[in-house]
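Student: I have just opened a new structure and would like to learn how to read it. Could you walk me through some of its features?

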Amino acid sequence: MTEFKETELDERAIKMAKVLSADAVEKAGSGHPGSPISLAPVAYTLYQHFIKHDPNDPNWEGRDRFILSGGHASLTQYVQLYFSGYGVTLDDLKHFRGGADTRTPGHPEYGLTPGIEMTTGPLGQGFASAIGFAYGERFQRGLLDPNTPKEESPFYHKIWAICGEGDIEEGISGEAASLAANQKLGNLTVIFDANRIQIEGDTNLVLAEDVLKRFQAYGWYTDEFSFIQPDGSYKEDIEGLADVIAKAEAAAPDQPKLIKVHSLIAWPTPGKTNDPSSHGSKLGAEAVAGLKKLLGYDPEESFHVDEEALAHARKVAERGLEAHKEWDEKFDAWRKANPDKAALYDRLKAGELPEGFDKAIDDLEATFEVGKGVATRGASGSVLNAIAAVMPELWGGSADLGGSNKTDLKGAATFAPAECATAQWPNCNEFGRQLHFGVREFTMGCITNGILLGSHTRPFGGTFFMFSDYERSAVRLAALMEIPNLYIWSHDSVAVGEDGPTHQPIEHLASFRAIPQLEVIRPADAFETAEAYRYFFEKKNTLPGAMVLTRQGVPVLAETAAKAKDGVRKAPTSWSTPRAPRTSSFWPPVPRSSGPWPPPRPWPTRASRPASSPCRPWSGSRSRTPSTRRPCFRPPSRPASPSRPAWRCRGTSTSAPTASPSPSSSSACRATARRT
Ligand SMILES: Cc1ncc(C[n+]2csc(CCOP(=O)(O)OP(=O)(O)O)c2C)c(N)n1
């Protein structure tokens, strides 16, 4: 039982949340009103009673994190941010989906709106990244405050998420849920809004299994609560819901929790309740008027604010301030008792590198032998191990290809509870830094995104370049959010050997290079690999980077020893006479099974010189347009990049993107056009 008692003002605030959501979509002319209307009591209960937050300081270190996995229901969150006093205004609600200048876009965007922890919209990713947030919480606490019982540590916090059937149907949620249970992520609670409606209608057609049993099998704690009463009536009993959540929190400290809430989409909108049309279209004037009448609002008035109910809801900010003050005391005591850790925290928070970072790379480079054949994946592994020695915040692993990707950190404990230990990985520790994702590339991308968003630490994840396809959607989201995820993609070309065409990346380089704000880095040799890492970590621009690395040995070049340091970050490095540079799309060259090695280079026969351009955005060969709108709510460790392509082209008030290739009007399919 909780001490949470629903008052008349709570009830009025929930009604207002429903009406404002309906009005916002109606004014925008499009959007997703159904779930924000029926989820209003759930979100209100979480924001008012469970989530520890300080609306006056959205980046407060001690806050709980909330992720709305079904980003289409963004008004669910925007209205609570307005109620809580995050600085989201009534005007912002009136400009929902309002083009480039809106702070309330169709789907929540990280860095744009205070209180939004992550960009969501691609279903399933919020769920999976919430698990990454929980990874980040634990690892960061292990770095900074490992010996304090977790709930007493200033670095302990909880992760809350709301998801819908769409998230549950996506395989990514199941993949990630499996890991979450293994990891005993007891600070994660997900509310599953089971309204049994999605765009095409009743979910019974496509989601027939008992979801809670499935999650129990993963090892989750599960429970359910219904607003639909046995007699068919509907009661938004938020006290009952709060009891179920509180019971879960108390009963399962070491298990992630899934609470299924049976609801009716858009309840109580006349003609639209439990109707799929309410999912993604405006309700229409008649239905909105009907909703307002039912809830005691004037149907003629839009965006009416019940000031008394709003003032009541805003009191959550006072409670947040109190919680923050208490936390400050705890934090100050921790600082005094742990000056070294406090210095580490300050460095991580500022996004700075440790003192020995350059030396670690310099010392490693001093061991490289010019002329020797070294696979760049091997060089990458050496760099990771060298910098890991001075960067305790660096952690990562692979999707079951650690030995091949060279992502193993020598001597590191595995990030997993001790009871997960295996013959191969006996050293498991809840604060370990070696990650194992299983064969789950997409999960790896989502979890590392969550780690970056939820902590100040620096994760990396490896797989074969071929299987980066599985991870692509999370990579794209990292690029969109401008978070410096690090992908280590080895076996970069047709030269993967005997595995054959299923393992040969062909279009991958071009397709990943087409993702705006993803820095695809393909170093030519060991020196360029080391320098690419140096630059990736040292630059303040925090875009994600993909290291595309060879399986096979490639010669360590004398030229790069001298020039790679400047070369990776500037214009292409030249090896021969200064003619028009010609960047190689098939560099490094592929070793041939017979014939001389290295093979004769084709370039000198042409009127051009070879040049290495391991990362096109770094050498300035891809144009960027300045951002139309600066993100405003990011912690110092996650600054935005200085210039950004026009990802944010939405609505009518921005020009078309220029950073991404525009399809030719005459050839929707270029390959077909070329053939015909
Ligand atoms: C990966 C992905 N595929 C498709 C969509 C388009 N889409 C948006 S919402 C939705 C249906 C979601 O249903 P549900 O989670 O039940 O949401 P509710 O109807 O309860 O709002 C779909 C298919 C998407 N956003 N992400």
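Tutor: We will go through the ligand, a pair of helices and a few spots in the loops. Keep in mind that this is a predicted model.

Student: Let's begin with the ligand. How many residues surround the ligand, and which are the closest?

Tutor: A residue joins the count if one of its heavy atoms lies within 4 Å of the molecule. Here 15 residues surround the ligand, and the closest are Ser35, His72, Gly166, Asn195 and His279. By class, this shell has 8 polar, 5 nonpolar and 2 charged residues.

Student: Which atoms of Gly121, Asn195 and Ile197 lie by the ligand's nitrogen or oxygen atoms?

Tutor: For such pairs of N or O atoms, the cut-off for a polar contact is 3.5 Å. Asn195 uses its side chain, where an N or O atom is 2.7 Å from an oxygen atom of the ligand. With Ile197 it is a backbone N or O atom, 2.9 Å from a ligand oxygen.

Student: What share of the ligand does the protein bury?

Tutor: The protein buries 74% of the 590 Å² that the ligand exposes when taken alone. Two elements give two or more residues to the shell: helix 6 (165–169) and strand 4 (197–198).

Student: Now the helices. What describes two packed helices?

Tutor: The angle between their axes and the distance between those axes describe such a pair. In this model, helix 1 (residues 8–28) packs with helix 2 (residues 34–50) at an angle of about 145°, their axes being 8 Å apart. Their crossing is right-handed.

Student: Which residues make the contact between helix 1 and helix 2?

Tutor: Helix 1 brings Asp10, Ala13, Ile14, Ala17, Lys18, Ser21 and Ala22, while helix 2 brings Pro36, Ile37, Ser38, Ala40, Pro41 and Tyr44. These divide into 9 nonpolar, 2 polar and 2 charged residues.

Student: And the loops? Where is the place of Pro268?

Tutor: Look in the loop between strand 7 (257–262) and helix 10 (277–280). The peptide bond joining Trp267 and Pro268 is cis, with omega about 5°.

Student: What about Glu482: what is its phi near?

Tutor: Its phi is near 60°, a positive value in a residue other than glycine. Glu482 sits in the loop between helix 18 (468–481) and strand 14 (486–490).

Student: Which residues is Pro636 in contact with, leaving aside its neighbours within four places in sequence?

Tutor: Those are Lys349 and Ala350. Pro636 and Lys349 are 287 residues apart along the chain, yet their C-alpha atoms are separated by 6.3 Å.

Methods:
Residues numbered from 1 in each chain as written. Predicted model: local features only at pLDDT ≥ 70, side-chain atom pairs only at ≥ 80, totals over all residues. Heavy atoms only, no water. Polar contact = N/O pair within 3.5 Å; in protein donor to acceptor, adjacent residues only side chain to side chain. Areas by Shrake-Rupley, 256 points an atom, 1.4 Å probe, with all protein chains shown as cover. Helix = DSSP H or I, 4+ residues; strand = E, 2+ residues; numbered from the N terminus. Nonpolar A, V, L, I, M, F, W, Y, C, P; charged D, E, K, R; others polar. Axes fitted to C-alpha atoms, helices over the stretch in contact; angles between N-to-C directions. Left-handed = near helix turned anticlockwise from the far one by under 90°. Contact = heavy atoms within 4.5 Å.
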